[in-house]
Structures are given as C-alpha cells and as structure tokens.
Amino acid sequence: MAQAYVMEDTLLPMGFLAICVVAATLFLFKRNDHLPLQNGKAPMELLYTNAKARFLVGAADMLKSGFGKARKSFFLMTDTGPRYIVPPEYAQELQNHRNLTSDGIIDERLQAHIPGLEVFQFDSYHGKLARRTIRKKLRGPPLEGLTLTMVKETGLTIAEICTDNPEWREIGVRDIALPVLSRVFTAAFLGEELSRNKDWLRKFGEYSTAASLAAEQLRFWPEPLRPLVHWVLPTFRKLRSDLTETCNMVASVLQQRKTDDRGMGPREGYPTFVLEDWLDELSGGKEFDPALIHMTLFVVGVHTASDMLTQVIYDLCDRDELVNDIRNEITAVIAEDGELKKGSMDKLKLLDSVMKESQRLKPANIAAMGRKANKDFILPDGTRIFKGEQLLVPGFHMWDESFYPNPQEFVPDRFLKMRQSPGQEDLHQCVSTSANHLGFGHGVHACPGRFFAVHQLKITSSAQAWDYVSRQHVWKDLYSQTPGEQSALKQLN
Ligand code: HEM
C-alpha cells in the first residue's frame, strides 16, 4: 500500500518534469530554426541596445548586404526588435497572405500600452474602429466635398506664417509643413474654432512631436523594464498631461457641436468631416471615446503627411520650370472648374506624378509591409516563419533599374507617362500601391489614410494653392540642398 502512495507521489513530479523537457525541447527546436541574427550583440554586450542603435545608423547597408548572392530572407535586429527581412520580389505574394496580419505592429512600435501613448493603440477596440472608419469613410465623396475647406485653410495659414512683409526671409520648410498640416487637419475634422486656436495648435504640436520621440526612447529600454521606467521619466509625465489637455479641447468642441448642429449635416460655407457620426455608425452601438480617436488620426496623419510635404517641397526647389508647369496645370483646372473643388484634384496629373516620384526617391521608411505571422508558414525561399514573428520588405524595387530607368534621377513626369500607356491609367497614381512602390505599403494593410493624405498634399504642395487665397504671395526662388541640411524657402512679396 505504502509503495503505491510512493508511486503516486513520484508520478506527478516526474510527469511534470517530462512535460517540461518536451516543452523545452520544442522551444529549443523552435529557436534553433531561426536564421542567425546578422547583427547581434558585440562581445561584452549584455543587451541588444547597441545593436538596435547600430541598425538605426546603418540600416540601408545592413538591408542591402544581408541578402547575399542567394537573395534569401535573413534575420536582423532592428530598432523595433528582431525581424525577418524578406526579398522585395515576395511583396506581391505576401500582400494579402492569409497568415500575415498588421495587428500589433503599430502598437508595439509606438509603445501604445504605455500611459500617455494611448493614441497609438491600433489594436484596441478604439484603434480597430479608427482603422475601419479611415478605410471606409476617408475617401471618395466626403473627401472631395471638403476640398474648398482645405484650400481656404491652407491659404490662410500660409499667409499668416509668411505674413506680407516685403523683405526677403528664409523660412524652414518644416516650419511651414507641420503647422500648415496641423491646421488643415484640424479644420477638416473639427472646424475653424479649433484650427485657429493657437493654444490648441501649440499643445497638439508639442504632444504629437514628443509622443513618437518618447516611444522611440522607450524602445531602447529592455522590454520588461518599460512598463516601470516611464513612470519616472519626466517626458512621460508631460505627455500624459498634454494628452489629457488636448483630448479635453477636442471633447469640448465635439460637445458644442452636438448641441449646435449634430445631425444637420455640414455647416454652410465651412463644412467639416463628421467623424463622430461615422464612428457612431460603425461602432455597432458600443461605447467609444471620440476625442481620443480624433487625436489618433491627427497624430498618425499629420507627421507622416508633413514628412512627405517637406520632401515634395525640397524636390520642387531649384526646379523653376517644373513649378511653372504645375502652376499652369492648376491654372488650367481652375479655369475649367471655376475653383479647386470636387473632382479638380484628380485632374492634377503632373502634380500627382511629382508627389509619387518624390516619395519613390525618399519614402518615409526604407522598408515597409511590417507584418506579423498569425500562424506558422513557409516563405518561397523555404524560410519558416513562426506564429508571432515579424517580417519587413525593403523598398529596393523603388530604386531598381529594371522597374524605373535611371532610378536615381528625379523625373517629374515619370508616373504621368506610365499612366498614359494603355491599361495603366489607374496603376501609377500617387494613391495606387504596388510591389514596386511601397511608399504607402502594399496589400490589404496598405495605408488607409493615403487618399486623404494625397488629397491634402496636392492642395498644400501646389504652388498655386499657396497663393490661392492670400493672392499677395508669390513663391519665388524655391531652393534647397539635400534633405537634412539647413534648407529654406525664400519668399518674395
Ligand atoms: C503622406 C502621408 C502618409 C504616409 C507616407 C503613410 C504611410 C503609411 C505606411 C507605409 C503604412 C504601412 C502600410 C503597410 O504596411 O502596407 C501606413 C499604415 C497606416 N496608415 Fe498611413 N501614411 C500616411 C498618412 C496617413 C493618414 C493621414 C492616416 C490617417 C488619417 C494614416 C493611417 C494609417 C493607418 C491606420 C495605418 C495602419 C493600417 C493597417 O495596419 O491596417 N496614414 N501608412
């Protein structure tokens, strides 16, 4: 009898031990199946902090050299963690792959679980509602209907920033791009009351700039420490209070709007989107915080768009003839339509091509299509990707001779000409994505905000639009060196 008890007593721990051994073997087997990290820790380095920093500085070379002659996937420690780097020729096959998702990508990169960075929560109920709303509503007729609002606000903002001072002055391109887009975004969603509110613009500018920098700063801390360390970093204290303050400002406009004209449609003469109505419609009756979702859209959209606008302006600099051609294109469209309005933007085909070319040469990121496996699967080169692992596709095709002749050259009408080939009209617009142009990503998770961004950027980057309302401003001698250098727009009244 006593022996039987001993048997039972030993069976349990032994069984547990056996399970542990099997689990450990499976785990080890899984780790061993990883490709080796191409840029791991240097001798004496305990953490990956330096490897991540080295990636930030040398990403282009690491991505290029990693494929080797075999052009196979490889494994790299990026600033956001380990990623499989997949040959660009797989982009088409992976674009709608059923075992890949974008869930968790933005949240993880931008540390959305940390208080103060909730605006980056794209996987929460709020975030999914935001994604759905952008995808379904921020394109087509609602966008077209807001053209005049955006044109007016752009003109007024530029007139304000540049003033009518007749003296030559230098104005940093970014000093214009960010305020203009913040104002136009605000005007489009919340109306002039907030878009003209200097306190809002300052607070929003401070919060949105600090939020992505803070997320980047936190990524360099070891993961287990991150939920603790932010409580003692002063940046995060300010972020939390700025987010509360900006959300309160948005909420008060929404409350006022609810009392004033909710359900009555856009206000005469100065319409805005009605995001809160769209959210109501798509939320299926569940509760949500409309102010936070507005902030999410603003923070994600304004900075990406202002990067692109800055680059487009750099590319227009020193190209007087091109600026002239764009002006002529806009003048012709205004002559035809009476003003820039519904449908006018589609007719700006040279400007569309210039923007796409600018993005081709200098996209926001050197690699795109960040995806996570929701199931194990095997890449065409035989690399096994395990559930939960992430991959990236470098945008090398954008600078590849076989897809773009003279790939290093800025050819303003490159895409305009491509659109003129039979059957190609819709394939090379600035909003079209492809495996050879990853400026907005590609496939089912391509940027859903691109229709709004391109519409808005066409307005703000068009030389004529800069001049459209104020009329006194003549942009002359647009000049610049390479991005990153002290560059400026010179303005002559
Ligand atoms: C010029 C401006 C912009 C650029 C260059 C840009 C670029 C991108 C890129 C490269 C992606 C990843 C796509 C992929 O992985 O395939 C993305 C995703 C996304 N973008 Fe944009 N974007 C811009 C503007 C906007 C705006 C204005 C909004 C919102 C109003 C927005 C909302 C989003 C969202 C929600 C996603 C995640 C989509 C998903 O994972 O399903 N973007 N964007």
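**Figure 1. Burial and overall make-up of the predicted protein model.** Of the 493 residues of the protein, 50% count as buried; buried means under 20% relative accessible area, exposed means over 50%, and partly exposed lies in between (1.4 Å probe, protein chains only). This is a predicted model, in which local features need pLDDT of at least 70 and side-chain atom pairs count only at pLDDT 80 or more, whereas totals for chains, interfaces and linings use all residues. Residues are numbered from 1 along each chain as its sequence is written, and side-chain values use heavy atoms, with hydrogens and water left out. The protein has 19 helices and 10 strands; helices (H or I, at least four residues) and strands (E, at least two) are DSSP runs numbered from the N terminus. The accessible surface comes to about 23700 Å², and 57% of this surface belongs to carbon and sulfur atoms. Such areas come from the Shrake-Rupley method with a 1.4 Å probe, and for residues only the protein chains shown count as cover. Among contacts (heavy atoms within 4.5 Å) with a separation of 6 or more, 70% join residues 24 or more positions apart.

Figure 2. Cys 447 (SG) is the single protein donor to the iron atom, 2.3 Å away. Donors are N, O and S atoms within 2.8 Å of the metal (3.2 Å for Na, K and Ca); water is not among the atoms, so sites may look incomplete. Cys 447 lies in the loop between helix 17 and helix 18 (450–461).

**Figure 3. The shell of residues around the ligand.**

Figure 4. An N or O atom in the side chain of Ser 102 is 2.6 Å from an oxygen atom of the ligand. For Arg 371, a polar side-chain atom lies 2.8 Å from a ligand oxygen atom, and for Arg 131 the distance is 3.2 Å.

**Figure 5. Two loop residues with positive phi.** Most residues other than glycine have a negative phi. Met 44, in the loop between helix 1 (2–33) and helix 2 (49–66), has a positive phi near 80 degrees. Met 44 is exposed, with a relative accessible area of 84%. Asn 406 has a positive phi near 45 degrees and is placed in the loop between strand 8 (390–394) and helix 17 (414–420). Asn 406 counts as partly exposed, at 44% relative accessibility. Leaving aside neighbours within four places in sequence, Asn 406 is in contact with Glu 401 and Arg 414.

Notes. Polar contact = N/O pair within 3.5 Å; in protein donor to acceptor, adjacent residues only side chain to side chain.
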